[in-house]
Amino acid sequence: MTFAPEVDQRLRTEAAEVIARYPQARSALLPLLHLVQSEEGYVSPTGIEFCADVLDLTTAEVSGVATFYTQYKRHRNGKYTVGVCTNTLCAIMGGDQIYDELSEHLGVGHDETTEDGAITLERVECNAACDFAPVMTVNWEFFDNMTPTTAVRLVDDLLAGREVTPSRGPALCRFKQTERILAGFEDERPDVVHAGGPAGPATLEGLRLVRRENEASSAEGQE
């Protein structure tokens, strides 16, 4: 199995650009898996053979990596991957309820895609943004302090084709475009320079306490 000739040539040119960033070619496997996923929306057998060929690896070696990381999909993904964190903190703050209501609203379960191909729903083990719990992601962009109501409104906006902007970062792009960015190619969204944001109060609480303790110790030392 191979890509169409014009696609194969383009991907080989782009793969060469990625591989050139690394001292050893095989180190480029992760971004190349994102690259082939940006083409078909998942890591297909064709994509695995392509990566194996350009990196001089076996298909077993490539498959071993592609099946280890959950970001690499082994079946066609939706235009938007909606992830709901159901790890401990997010779960008790409402993450389980959010997931259950979205699953019922969309008519899909974990790692399943709506019939129109728009949304793939996932349970996420941890989004590493606990001070904003419960947290969701869409194509790995954060949506903070969610509720069942705001979660349903979010997916309805995606289904309707309305522009959606995450809590931190520029307006969303589709899954394939996200994958191309993760492969290491330029993010062409015009407002990407404004991505990011400050850490939340809970994240900074430990730093605040240490500074207060240091100030108190310093004051005692001056008495």
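Hi everyone, and thanks for coming. Before we start, please keep in mind that this is a predicted model.

Let's begin with the overall picture. The protein has 223 residues, and 43% of them count as buried. Its C-alpha trace spans about 75 × 45 × 35 Å along the principal axes. The secondary structure comes to eight helices and five strands.

In what order do the five strands of the open sheet lie? The order is S2-S3-S1-S4-S5, and the pairing is mixed. Strand S2, residues 112–113, and strand S5, residues 141–143, are the edge strands, and each of them pairs on one side only. As a reminder, strands of a sheet pair through backbone hydrogen bonds, either parallel or antiparallel. We'll meet both kinds here.

Let's look at strand S1, residues 80–85. S1 pairs with strand S3, residues 119–124, in the parallel sense, over six bridges. If you want to find this pairing on your screen, look for Thr-81, whose bridge partner in S3 is Thr-120. Further along, Cys-85 has Val-124 as its bridge partner in S3. S1 also pairs with S4, this time in the antiparallel sense, over three bridges. There, the bridge partner of Val-82 is Val-138 in S4.

So is S1 buried or exposed? Six of its six residues are buried, so S1 is largely enclosed by the rest of the structure. In a regular strand the side chains alternate between the two faces of the sheet. You can follow that in S1: Tyr-80, Val-82 and Val-84 are on one side, Thr-81, Gly-83 and Cys-85 are on the other, and all of these are buried. In other words, both faces of S1 are covered.

S3 is mostly covered too, with five of its six residues buried. S3 also pairs with S2, in the antiparallel sense, over two bridges. Thr-120 turns up again here, as the S3 bridge partner of Thr-113. S2 and S3 form a hairpin with five residues between them, and Gly-117 in the turn has a positive phi of about 75 degrees.

What lies across the strands S1, S3 and S4? Helix H5, residues 88–106, does, and it runs at about 155 degrees to S3. Helix H6, residues 148–160, packs on the sheet as well, touching S1, S3, S4 and S5. The direction of H6 makes about 5 degrees with that of S4.

Let's finish with two helix pairs. The crossing is right-handed. On the H3 side, Ile-48, Glu-49, Cys-51 and Ala-52 take part, and they meet Thr-59, Val-62 and Ser-63 in H4. By class, this contact has four nonpolar, two polar and one charged residues.

The second pair is helix H2, residues 29–40, with helix H7, residues 175–182. Here too the axes come within 8 Å, and they cross at roughly 160 degrees. H2 and H7 are therefore roughly antiparallel to each other. H2 passes H7 in a left-handed crossing. Which residues of H2 meet H7? They are His-34, Leu-35, Gln-37, Ser-38, Glu-39 and Glu-40, and in H7 they meet Phe-175, Lys-176, Glu-179, Arg-180 and Leu-182.

To recap, we have an open sheet of five strands, with S1 largely enclosed, and with H5 lying across S1, S3 and S4.

Methods. Residues numbered from 1 in each chain as written. Predicted model: local features only at pLDDT ≥ 70, side-chain atom pairs only at ≥ 80, totals over all residues. Heavy atoms only, no water. Left-handed = near helix turned anticlockwise from the far one by under 90°. Helix = DSSP H or I, 4+ residues; strand = E, 2+ residues; numbered from the N terminus. Contact = heavy atoms within 4.5 Å. Nonpolar A, V, L, I, M, F, W, Y, C, P; charged D, E, K, R; others polar. Pairing = 2+ DSSP bridges. Axes fitted to C-alpha atoms, helices over the stretch in contact; angles between N-to-C directions. Buried < 20%, exposed > 50% of the residue type's maximum accessible area, 1.4 Å probe, protein only. Parallel < 35°, antiparallel > 145°, perpendicular 65-115°, else oblique.
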